Amino acid sequence: MSGFAFRIGIELVVALMVGTGIGWLLDRWWGTEPFLLLLFFFLGAAAGLLNVVRTAREMQKQLASAPVPPSVAVDEDDER
Amino acid sequence: MAGETVENDVGEAAAEIAQHGSEAEHGAAGHSPLEQFQIKRLIPIDIAGIDISFTNSALFMLIAVALVTLFLTYAMHGRAIIPGRLQSIAELSYEFIANMIRENVGSEGRRYFPFIFTLFMFILFGNLLGMIPYSFTYTSHIIVTFALAAVVFIGVTVIGFVRHGAKFLKLFVPSGVPMFLLPLLVMIEILSYLTRPISLSVRLFANMMAGHTMLKVFGGFVVALGVLAGWAPLAFVVALTGLEIGIAFLQAYVFTILTCIYLNDAINLHH
């Protein structure tokens, strides 16, 4: 139920956080106050989108190879 | 009270409910739904100023490891050709992980089976142990899941470099991209790679913590609403418990399959 949406959401948020965090750290380290944070915020957003697309593709591949047709059961606990 | 140390919306909401709820149950309802996540020192150990106490978290990790070992050795001790119930479960879990590795990594991944199987069983038993009332869910702590994810991340990176040397860096260079875009895309790819341990750990931790908090909050509703209206949240808690057991399996599965996918990237060098 929550598995798919949750995975995608976390992918996006975490990439943003990691990007912003790295930017903030580099800023503090090199004293280039707001610039790297801003740059890495957007890089993080881009990385997040990349992750989301990859995750979605992976899920699609898994659904396609699943023994049950997707219209019948899109259940995540199909893990035997 | 212990719950006062944790400031949280959920905690406040529960405290409010406790106040408006029945006075008779005040003692029980005064607990925060986050109290279950508290680390308690069982055996304080302090070496050179570093606190390495044996905590309730460590205790449940030990219990999980002992249970997995006991379960697998006991289930397989008969080595029957026609397996019994326990042996079936043990063989099923073995084949489940073996198939997962074969499908996602290929035959090259077979040598990493022991690690991946251990990882799966450790997380699964941690999640399932947490479903027992009054137990502690060590997978609901981000430091535990992050340590697991960091081992996977560092291990996969080392495997990639050992197998491919500097060629491993090709993972960060997408093919068929104009030269002027390449620096930007390489940066994005590296960032995307660095997010892996964080997203891996946050996913497991957030799922477990959210689920367990929700269970406790609705448990609080049952007490607060009393005999008259408490049945509705009680029914919900029952349903939620079933869902949580499902999530316990699902999240162990997701963690393991992502480990396999990362391993595949490192071994076969493509996304």
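B:Ala48 sits in the loop between β2 (46-47) and β3 (50-51) of chain B; helices (H or I, at least four residues) and strands (E, at least two) are DSSP runs, numbered from the N terminus. This is a predicted model, in which local features need pLDDT of at least 70, side-chain atom pairs count only at pLDDT 80 or more, and totals for chains, interfaces and linings use all residues. Residues are numbered from 1 along each chain as its sequence is written, while chains are lettered from A and ligands numbered from 1 in the order in which they are written.

**Positive phi**

- Most residues other than glycine have a negative phi.
- B:Ala48 is not a glycine, yet its phi is positive, about 50°.
- B:Ala48 is exposed, with 5 other C-beta atoms within 10 Å (buried means 20 or more such atoms, exposed 12 or fewer, partly exposed in between, with C-beta atoms placed from the backbone).
- B:Tyr134, in the loop between α5 and α6 of chain B, has a positive phi near 70°.

**Nonpolar core**

- The largest nonpolar core has 53 residues; such a core is a set of buried Ala, Val, Leu, Ile, Met, Phe, Trp, Tyr and Cys residues joined through C-beta atoms within 7 Å.
- Its largest share, 12 residues, comes from α8(B).
- Beyond its neighbours within four places in sequence, B:Phe255 is in contact (C-beta atoms, placed from the backbone, within 7 Å) with B:Ile123, B:Leu200 and B:Leu204.

**Chains A and B**

- 21 residues of chain A are in contact with 19 residues of chain B.
- On the side of chain A that touches chain B, α1(A) gives the largest share, 9 residues.

Definitions and conventions:
Contact = placed C-beta atoms within 7 Å.
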